[in-house]
Amino acid sequence: MDFQAPPPSPIEIAKTWFDEAEKAVTTENPLAMTLSTCQANGHIASRIVLMKSFSEDGVLFFTNYNSDKANEIEQNNHVALLFHWDVLARQIRIRGRATKVSDDISDEYFASRQRLSQLGAWASDQSKALQNRDALMSRVEELDEKWDGKPIPRPPFWGGYCVSLDSIEFWQGGDGRLHDRLKYTFDQAWSLTRLQP
Ligand SMILES: Cc1cc2nc3c(=O)[nH]c(=O)nc-3n(C[C@H](O)[C@H](O)[C@H](O)COP(=O)(O)O)c2cc1C
């Protein structure tokens, strides 16, 4: 993007940066992002999840609706997302509110997953204590037999969240740490602030 003449909306820039990250990053998950949520006691929790799509509606990811992150979102749906691509000297920070997506969207994505990932979604009571790994693997085996030769339905406790784009900041590394930073904030329309590095 031309940091001297930024466009009024961040959507196309973000799409371009995500596309470029997918091309430039040769590791497995170029669209992995850190998701930070706020716990009931005010402590912050972060973990990596995978961005599955981006549009002006927001950022889509999938998870277990009974997990710690989901419980935190149910209590306070303000979240932060962070992408970093070292090879491009770029960072994107997003703040927004996470809301569950429709069953149709979750069903469609779940159906596209590999069978073992589908079984894993059923077998894992994500974020809860596990006695030992064998307990998990035997649940996977039981479920594999149960649905032998049949399509696996989406667990009712598993699906997507969409994070609205309340603000989005683009950071491009520069010489002498004189980086470029542009922060777009949405309140009925996009407004733009250039930030010191
Ligand atoms: C590269 C990578 C991708 C991941 N993608 C997801 C994901 O898309 N959804 C998910 O629920 N967990 C994903 N995880 C696991 C999470 O980081 C985390 O361990 C899990 O969701 C439990 O988090 P919680 O206990 O805070 O809810 C991923 C981990 C890594 C390292």
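Let's start with the ligand. It has 16 residues around it, and the closest are Arg47, Thr63, Ser67, Lys69 and Ser127. A residue counts as near when its C-beta atom, placed from the backbone, lies within 6 Å of the molecule.

Before I go on, this is a predicted model: local features need pLDDT of at least 70, side-chain atom pairs count only at pLDDT 80 or more, and totals for chains, interfaces and linings use all residues. Residues are numbered from 1 along each chain as its sequence is written.

Which element gives the largest share of the shell? That is β2, with five residues. β2 (44-50), β4 (58-64) and α2 (68-75) each supply at least two. Helices here are DSSP runs of H or I, at least four residues, and strands are runs of E, at least two, numbered from the N terminus.

By class, the shell holds seven nonpolar, six polar and three charged residues. Nonpolar means Ala, Val, Leu, Ile, Met, Phe, Trp, Tyr, Cys and Pro; charged means Asp, Glu, Lys and Arg; the others, Gly among them, are polar.

Now the chain. It has five helices and 10 strands. Its C-alpha atoms fill a box of roughly 60 × 40 × 30 Å along the principal axes. Of its 197 residues, 22% are buried.

Last, Gln91. It sits in strand β6 (residues 90-100). Gln91 counts as partly exposed because it has 18 C-beta neighbours inside 10 Å. On that count, 20 or more is buried, 12 or fewer is exposed, and partly exposed is in between, with C-beta atoms placed from the backbone.
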